[in-house]
Amino acid sequence: MPIRIQFNAVLSFLSEKDGGLATPVSSEHRAAIKLSAFSDRFFGTLKFHETDIVFAGDKVSATITLATADIFPQQIYEGLDFEFYEIDKLIGTGVVTKINNANF
C-alpha cells in the first residue's frame with residue numbers, strides 16, 4: 001500500500017486577471033502539485049479549512065493529501081513552497097505549514 005503524504009498549507013489562489021481560475025473551486029478539489037524540491041508534479045486533494053468554496057484571489061488554509069506519493073517523504077518539510085495547477089494552468093501557490101503524518 002502506498003504512503004499517502006498529508007500536510008497543511010496556506011494556499012494563495014491567483015486572481016483571474018493574473019491567470020487564475022474564472023470559476024470558484026470547492027473543498028476536496030483535485031490539483032496537480034509541483035513541490036519546489038521536485039521536478040515532477042503529484043496529484044493531490046485540497047481540503048479547505050475555513051470554507052467550502054474558494055474564489056480566484058483568495059488565500060486559505062487547507063490540508064493536502066498527495067495521491068501519488070512515490071517520493072521521499074523526508075524531502076517535504078515545513079516552509080517548503082509549491083505551485084498548484086489545473087491541468088497545465090497555474091492556479092496558485094502555497095507553503096507547507098505542518099506535516100500531518102510524520103511517521104513515514
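In what sense do β1 and β6 pair, and over how many bridges?

Reply: β1 and β6 pair in the antiparallel sense, over 7 bridges. Two strands count as a pair if DSSP finds at least two bridges between them. Look at Phe 7 for an example: its bridge partner in β6 is Ile 64.

Before going on, a word on the model. It is predicted, so local features need a pLDDT of at least 70 and side-chain atom pairs count only at pLDDT 80 or more, while totals for chains, interfaces and linings use all residues. Residues are numbered from 1 along each chain as its sequence is written, and side-chain values use heavy atoms, with hydrogens and water left out.

The pLDDT, the predictor's confidence in each residue from 0 to 100, averages 89 in the protein. A score of at least 70 is reached by 88% of the residues. Among the strands and other elements, β3 (residues 29-35) has the lowest mean, 93. The highest, 97, belongs to β5 (residues 53-54).

The protein has 8 strands and 0 helices. These are DSSP runs numbered from the N terminus: helices are H or I with at least four residues, strands are E with at least two.

Follow β8 next. It is joined to β7 by 6 bridges, and the two run antiparallel. Glu 86 stands opposite Lys 89 in β8. β7 in turn is joined to β3 by 4 bridges, also antiparallel. In that pair, Lys 34 has Glu 83 of β7 as its bridge partner.

β7 and β8 form a hairpin with 2 residues between them. Ile 87 lies in this loop. Its phi is positive, about 60°, although Ile 87 is not a glycine. Most residues other than glycine have a negative phi. At 71% relative accessibility, Ile 87 counts as exposed; the cut-offs are over 50% for exposed, under 20% for buried and partly exposed in between, with a 1.4 Å probe and protein chains only.

Asp 88 is in the loop between β7 and β8 too. The side chains of Asp 88 and Arg 41 meet in a salt bridge, at 3.2 Å from N to O. The term means a side-chain nitrogen of Lys or Arg within 4 Å of a carboxyl oxygen of Asp or Glu. The structure holds 1 salt bridge. It links distant parts of the chain, 47 residues apart, with Arg 41 in the loop between β3 and β4. Asp 88 is exposed, at 62% relative accessible area. Arg 41 is partly exposed, at 36%.

The largest nonpolar core has 26 residues. Such a core is a set of buried Ala, Val, Leu, Ile, Met, Phe, Trp, Tyr and Cys residues joined through side-chain atoms within 4.5 Å. Phe 7, Leu 11, Phe 13, Leu 35, Ile 76 and Phe 82 touch the most other members. β1 (6-13), β3, β4 (42-48), β6 (59-66), β7 (81-86) and β8 (89-99) each give two or more residues to this core. Across the protein, 40% of the 104 residues are buried.
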